[in-house]
Amino acid sequence: MTTEPLRRRLVPVVALLLLAPWTAECVWGGFTLTGMPFVVLVLAPMYGGAALLIRETARRLGLGWPGIVLLAAAFGVVQAGLVDQSLFNPGFLDDTQFADTRAAAEATLVSGLGFSARQAVDYVGNHVALTICASIALVESYLGAGRRSRPWLGRPGLVVAALLWLGGSLLIFSDDSGRKGFLASPVQLAVAAGVALALVAIALRRSGRAADGHDGPAPVPGDDVAQNAPAADTSTAPRPVWAGLVVLVTYVGAGIVPGWPGIGLALALAAATAVLLTRWSRRPGWGQRQVLAAGSASVLVAAAFAYDVPTYSPSSPAADLVGDVAISVIVLLLVGGAWWRVSGPAVRDRRRAAAPAGRPASPPA
């Protein structure tokens, strides 16, 4: 386990606990500015606890980003299928300003199991992209290269994170405004639990190829997306903009076609993105800048769409606009600050390489 002081390790822990609920429920415009602090604090144990637990598990076992994505998908299934059960409740959004989406959801109803494939893709996909991957990529980008792939917590901290997630989930499950009095059938609950367990099992299979004898994997220069895979591709990694563009196209394209054709398109885009990013991550030059571009693309798109998305509860046009502008400012500051952190070392290296012999590239600090 790392010997870093506890206070130093707790800074990213608290940041992830607070950022995950914000990217999950606020970045796309679901709440006004005055409602965001309450939402973040109430949902931090569930969303933040899950993000922290997934991140720590992946870093300890050497699962890399593919493992994080699989565990994030499992969390999305648990959240929508077992906790608030929005996946199986056809009237879950009827008391919100999204009630008019019910018809589109029912157009892709899976008979026998009583859930909408459209909502399954949207709910689980947003949890993967926004709740888990974006928040982890952003927080890790603010850290030094040596800390991004290492655990922040010991075993007691993992227990606390697990208890936070369980407690927050039970709070939503038992609250009238959480599950909304709906209870899925035993078959529906069993299917959701089975899918989640299968995703976890697939993710954990990667740990069998990780090195034994320590709590976390040794950091790999740049990132750990394919730390256990052979570097078969010797081509140069693409620029960060291409990694972000691939995720952007997938995030936008997954929802533009209605009905079952749209479900097929969404799944095809997701599969292509997973294959492409995994192959790129094995190339020399892949680093945290590419990870940040891919992780923040969905956040930037969600913040842009917030101007056209209503809040859950009716609010005034002025409150909507203030909230949307605040989201844009927060996202630009978060992503801009993270980009500055990951780009600084590369800029300094280029300056040193370009400086004449015997002359410092920049004034000493």
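Residues are numbered from 1 along each chain as its sequence is written, and side-chain values rest on heavy atoms, with hydrogens and water left out. Because the model is predicted, local features need pLDDT of at least 70 and side-chain atom pairs count only at pLDDT 80 or more, while totals for chains, interfaces and linings use all residues.

**Nonpolar core**

The largest nonpolar core has 81 residues. Such a core is a set of buried Ala, Val, Leu, Ile, Met, Phe, Trp, Tyr and Cys residues joined through side-chain atoms within 4.5 Å. Buried means under 20% relative accessible area, exposed means over 50%, and partly exposed lies in between (1.4 Å probe, protein chains only). The largest share of this core, 12 residues, comes from helix H5 (residues 117-141). Helices (H or I, at least four residues) are DSSP runs numbered from the N terminus.

Trp22 and Val27 have the most contacts inside the core, a contact being heavy atoms within 4.5 Å. When residues up to four places away in sequence are not counted, Trp22 touches Val27, Met36, Val40, Ile327, Ile330, Val331 and Leu334.

**Salt bridges**

The whole structure holds seven salt bridges. A salt bridge is a side-chain nitrogen of Lys or Arg within 4 Å of a carboxyl oxygen of Asp or Glu. The table gives three of these pairs.

| Pair | N to O distance |
|---|---|
| Asp94 and Arg102 | 2.6 Å |
| Asp95 and Lys180 | 2.9 Å |
| Glu106 and Arg102 | 3.1 Å |

The pair of Asp95 and Lys180 links distant parts of the chain, 85 residues apart. Asp95 belongs to the loop between helix H3 (64-83) and helix H4 (102-106), and Lys180 to the loop between helix H6 (155-174) and helix H7 (186-204). Asp95 is exposed, because its relative accessible area is 57%, whereas Lys180 counts as partly exposed at 27%.

Glu106 and Arg102 are four residues apart in helix H4, so about one helical turn separates them. Asp94 counts as partly exposed at 38% relative accessibility, as does Arg102 at 31% and Glu106 at 44%. Elsewhere, a network of salt bridges links Arg55, Glu56, Arg59 and Glu140.

**Nonpolar surface patch**

Leu6, Leu10, Val14, Leu18 and Leu41 make a nonpolar surface patch of about 450 Å². Patches consist of residues with over 30% relative accessible area and no salt bridge; like charges are joined within 9 Å, and nonpolar side chains (Val, Leu, Ile, Met, Phe, Trp, Tyr) within 5 Å. Accessible areas come from the Shrake-Rupley method with a 1.4 Å probe, and for residues only the protein chains shown count as cover. Helix H1 (residues 6-25) gives the most to the patch, with four residues. Leu6 lies in helix H1 and is exposed, with a relative accessible area of 51%.

**Positive phi values**

Gln85 has a phi near 55 degrees, a positive value in a residue other than glycine. Gln85 lies in the loop between H3 and H4 and is buried, with a relative accessible area of 1%. Lys180, in the loop between H6 and H7, likewise has a positive phi, near 60 degrees, and is a residue other than glycine.

Methods. Helix = DSSP H or I, 4+ residues; strand = E, 2+ residues; numbered from the N terminus.
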